[in-house]
Amino acid sequence: YEIYPKTKDPDKNFLKILEFFRTERLNNKKIGEEQKSKYHLDLSESGKIAINSAYGMLNTAGLNFNDSEQAGKVTELGRQVLEKAIVWATGRSYEEWNPKKEQESDSEMS
């Protein structure tokens with residue numbers, strides 16, 4: 001989706017950093033699975049954490065790569081993925097699956 005702080009990072013350094021961690025993560029995951037290496041699987045997981053943390057930093061004020069608009073896009077896409085996963089796992093939308101959430105939203109509005 002090329003989500004990055006466009007105005008603060010015209011050279012796309014944020015994406016370059018993420019691509020490095022993604023490549024390393026997938027490489028370590030492959031080695032870990034093939035060789036049953038806990039070391040490489042742990043490296044893969046730490047890469048995943050680094051990637052997720054980078055997207056979290058988008059919404060942290062004062063950091064070089066902060067951009068709340070782009071952080072909102074990450075959240076929006078994440079919600080779409082979760083909604084698809086919920087429908088796949090349950091056959092129902094989140095609202096159908098968790099009617100309590102609708103009640104909470106209604107009470108917040110009143």
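Q: Where in this predicted model is the place of Gln70?
A: Gln70 sits in helix 3, which covers residues 68–90.

Q: What makes Gln70 count as buried?
A: The cut-off for buried is under 20% relative accessible area. Gln70 comes in at 4% relative accessibility, so it counts as buried.

Q: Which residues does Gln70 touch, leaving aside those up to four places away in sequence?
A: Gln70 touches Ile3, Tyr4, Pro5, Lys6 and Leu58.

Q: Why does the pair of Gln70 and Lys6 side chains get called a polar contact?
A: The cut-off for N or O atoms is within 3.5 Å. The side chains of Gln70 and Lys6 make their contact at 3.5 Å, so the pair passes as polar.

Q: How far apart are Glu2 and Gln70, in sequence and in space?
A: In sequence, 68 residues separate Glu2 and Gln70, while their C-alpha atoms are 9.8 Å apart. Glu2 itself is in the segment before helix 1.

Q: What does Glu2 touch, not counting residues up to four places away in sequence?
A: Glu2 touches Lys12 and Leu15. With Lys12 there is also a polar contact, side chain to side chain, at 3.1 Å.

Q: How do you know that the span of helix 1 is close to what is expected?
A: Helix 1 has 23 residues, and going from the first C-alpha to the last it reaches 33 Å.

Q: Which residues of helix 1 are buried, and what do they pack against?
A: The buried ones are Phe14, Leu15, Leu18, Arg25, Asn28 and Gly32. The buried residues of helix 1 pack against helix 2, residues 38–57.

Q: How many aromatic pairs does a search of the whole structure find?
A: That search turns up three aromatic pairs.

Q: Why is the pair of Phe14 and Phe65 called edge-to-face?
A: The ring centres of Phe14 and Phe65 are 5.4 Å apart and the planes meet at 70°, so the pair is edge-to-face. The cut-offs behind that are centres within 6.5 Å and planes over 60 degrees apart.

Q: Which parts does the pair of Phe14 and Phe65 tie together?
A: Phe14 lies in helix 1 and Phe65 in the loop between helix 2 and helix 3, so the pair ties together parts 51 residues apart in sequence. As for accessibility, Phe14 has 2% and counts as buried, whereas Phe65 has 22% and counts as partly exposed.

Q: What makes Phe20 and Phe21 an edge-to-face pair?
A: Their planes are 80° apart and their centres 5.5 Å apart. Edge-to-face needs over 60 degrees, with centres within 6.5 Å, so this pair qualifies. Phe20, at 49% relative accessibility, counts as partly exposed, and so does Phe21 at 32%.

Q: Which residues form one aromatic cluster?
A: Phe14, Tyr55 and Phe65 do.

Q: How does the radius of gyration of the chain stand against that of a compact globule?
A: A compact globule of 110 residues would be near 13 Å, but this chain has 18 Å. Its C-alpha trace spans about 50 × 40 × 20 Å along the principal axes.

Conventions: Residues numbered from 1 in each chain as written. Heavy atoms only, no water. Helix = DSSP H or I, 4+ residues; strand = E, 2+ residues; numbered from the N terminus. Contact = heavy atoms within 4.5 Å. Polar contact = N/O pair within 3.5 Å; in protein donor to acceptor, adjacent residues only side chain to side chain. Expected span 1.5 Å × (residues − 1). Buried < 20%, exposed > 50% of the residue type's maximum accessible area, 1.4 Å probe, protein only. Rg over C-alpha atoms; globule rule 2.2 N^0.38 Å. Phe/Tyr/Trp six-rings, centres within 6.5 Å; stacked < 30°, edge-to-face > 60°.
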